[in-house]
Amino acid sequence: MRIVLKECLWESMGDELLVLFDPREVITLGDPDGRVAALLTELSRAPQTAKSLARTLSVPEEDVTEALAALDSLGLVEDADSRTLGDPAMDARHFSNLAFFGTFARLDRPRTEYLRRLREAHVLVLGVGGGGSSLVQSLAGLGIGTLTLVDRDDVEPRNFARQFLYRHSDLGRSKVERAAEWVREYDPTISVRAVDRWINGPDDLKDLIDGVDLVAGGLDGDPEAHLWVNEAAARAGVPIVVGGMTRTQVMYYSVDPGKSACVQCDWENRADLGEESAGGFFERNRAGITVTNTLIGPLAMQIGSLVAYEALRYLTGLEPPVAAGAYIKLDLRDGLQPERQPFATTPDCPVCGGS
Ligand SMILES: [Zn+2]
């Protein structure tokens with residue numbers, strides 16, 4: 001393997017070598033004899049194998065291999081020949097995606113591997129309205145290979161404050177048809193399917209969920225729609241990432257099937273309808289609360305991007321999903337600081353059996 005040093009700067013200071021890779025911190029390495037500095041200098045000159053580095057630096061190859069492993073554990077080196085896809089047009093299209101994943105690349109996990117996983121993924125997007133409109137754009141930007149979009153609404157003037165996929169000339173058109181058209185125009189290499197369908201229960205989702213890698217978005221309309229999505233996805237063993245907004249909180253959560261608690265687990269722990277308490281009052285009235293959709297553009301973009309980034313965690317394994325089995329709530333009254341609230345767990349959950 002030809003190894004290359006990622007973009008970084010270094011300076012020797014006494015017995016130490018200071019390395020600047022991520023502006024958030026300076027890495028300090030012990031380097032009393034200057035051999036690490038010499039290795040970095042050589043690695044920055046051109047991509048090289050451990051063997052050629054050992055020859056140039058006149059040190060045993062096993063010492064070089066050991067030093068490269070240490071640099072790899074710090075995320076400072078990568079496989080020189082797996083930095084691009086090898087197709088100039090695709091490399092340009094995914095320039096920023098590849099640069100982003102370059103930060104996290106390791107010798108055994110090149111930047112192109114993260115992108116390959118996204119390009120091979122099939123995501124089912126439920127709802128292309130409020131959060132869904134920006135979610136579709138974020139997923140398309142990442143280059144998700146296959147998208148199935150589900151919605152039942154048409155484009156209306158009231159959508160324009162927050163749904164930036166749509167234009168005035170789209171008024172009256174099927175949202176999902178227009179959203180699919182947007183994706184095709186944006187990136188013809190993405191395979192996209194529009195499904196104009198009412199969802200009335202978990203069974204209506206079965207054929208859509210079979211074979212997908214992830215479900216993202218969220219259905220509105222019925223207060224229990226999120227339970228249908230949870231159930232259908234749990235049956236299929238597919239993760240879900242859902243986002244939305246209450247009056248003063250932007251929120252998202254995910255369910256990692258077989259690993260995290262699910263939405264039903266949390267639902268089973270709700271207060272009893274007859275309970276004389278704030279919780280009981282809330283449950284008695286949950287279905288009756290009519291809140292005019294208060295979502296505005298900046299917050300819709302926030303939801304779409306948070307859901308898309310959590311989806312990226314699931315699809316690439318970049319890091320574990322942060323919202324698995326928990327609500328992440330960003331409070332408008334608290335500067336949009338995220339707070340993580342784990343779902344209540346239910347050992348005998350009828351949907352997941354109590355992951
Ligand atoms: Zn459960």
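Visitor: Is leucine 336 buried, partly exposed or exposed, and at what relative accessible area?
Guide: This is a predicted model. Leucine 336 is found in the loop between S12 and S13. Buried means under 20% and exposed means over 50%. Leucine 336 falls in between, so the class is partly exposed, with a relative accessible area of 29%.

Visitor: Which glycine in the turn of the S12 and S13 hairpin has a positive phi?
Guide: Five residues stand between the two strands of this hairpin. S12 and S13 pair in the antiparallel sense over six bridges. Within the turn, a positive phi of about 65° belongs to glycine 335.

Visitor: Which residue in S13 stands opposite isoleucine 328?
Guide: Strand S12 covers residues 326-331, and five of its six residues are buried. S13 runs over 337-342. The residue opposite isoleucine 328 is arginine 340.

Visitor: What is the bridge partner of methionine 251 in S12?
Guide: Strand S11 (residues 249-255) is joined to S12 by five bridges. The two strands run antiparallel. In S12, methionine 251 has as its partner lysine 329.

Visitor: What arrangement do the four donor atoms make around the zinc ion?
Guide: The donors are the SG atoms of Cys262, Cys265, Cys349 and Cys352, at 2.2 to 2.3 Å. For four tetrahedral donors the ideal angle is 109.5 degrees. The cut-off for this class is that all angles lie between 85 and 135 degrees. The donor atoms here subtend 96 to 121°, so the arrangement is tetrahedral.

Visitor: How many residues apart in sequence are the parts tied together by cysteine 265 and cysteine 349?
Guide: The donor spacing reads C-x2-C-x83-C-x2-C. Cysteine 265 sits in helix H11 (residues 263-268), and cysteine 349 in the segment after strand S13, so the pair ties together parts whose separation in sequence is 84 residues.

Visitor: Are cysteine 265 and cysteine 349 buried or exposed?
Guide: Both residues are zinc donors through SG. The class for cysteine 265 and for cysteine 349 is buried.

Visitor: How many of the 13 residues in H7 are buried?
Guide: H7 is mostly covered. Its buried residues include Gly130, Gly131 and Gly132, as well as Leu135, Val136 and Leu139. Just after H7, glycine 143 takes a positive phi of about 85°. The buried count for H7 is 10.

Visitor: Which residue in S9 is the bridge partner of valine 125?
Guide: S6 is mostly covered, with four of its five residues buried. S6 also pairs with strand S9 (residues 214-217) in the parallel sense, over four bridges. Leucine 126 stands opposite valine 150 in S7. In S9, the partner of valine 125 is alanine 216.

Visitor: Is serine 58 buried or exposed?
Guide: Serine 58 is found in the loop between helix H2 (50-57) and helix H3 (61-73). Its phi is positive, about 55°, although serine 58 is not a glycine. Exposed means over 50% relative accessible area. Serine 58 has 64%, so it counts as exposed.

Visitor: What distance separates the C-alpha atoms of isoleucine 240 and threonine 103?
Guide: Isoleucine 240 lies in strand S10 (residues 240-245). Its relative accessible area is 1%, so isoleucine 240 is buried. Along the chain, isoleucine 240 and threonine 103 are 137 residues apart. Their C-alpha atoms are separated by 27 Å.

Visitor: How far apart are the centres of domain 1 and domain 2?
Guide: The domain assignment gives domain 1 as 1-81 and domain 2 as 120-342. The C-alpha trace of the protein chain spans about 80 × 50 × 35 Å along its principal axes. Taken over C-alpha atoms, the separation of the domain centres is 44 Å.

Visitor: Which feature does UniProt place at residues 113-351?
Guide: This span is 34% helix and 19% strand. Its end C-alpha atoms lie 34 Å apart. The unreviewed UniProt entry names the feature "domain: THIF-type NAD/FAD binding fold".

Technical notes. Residues are numbered from 1 along each chain as its sequence is written. This is a predicted model: local features need pLDDT of at least 70, side-chain atom pairs count only at pLDDT 80 or more; totals for chains, interfaces and linings use all residues. Side-chain values use heavy atoms; hydrogens and water are left out. Domain bounds come from an automatic or database domain assignment. Buried means under 20% relative accessible area, exposed over 50%, partly exposed in between (1.4 Å probe, protein chains only). Two strands pair if DSSP finds at least two bridges between them. Donors are N, O and S atoms within 2.8 Å of the metal (3.2 Å for Na, K and Ca); water is not among the atoms, so sites may look incomplete. Four donors count as tetrahedral if all angles lie between 85 and 135 degrees; four count as square planar and six as octahedral if opposite donors are over 155 degrees apart and all others between 65 and 115; anything else is irregular. UniProt positions are given in the numbering used here, feature names are shortened, and annotations may be inferred rather than shown by experiment.
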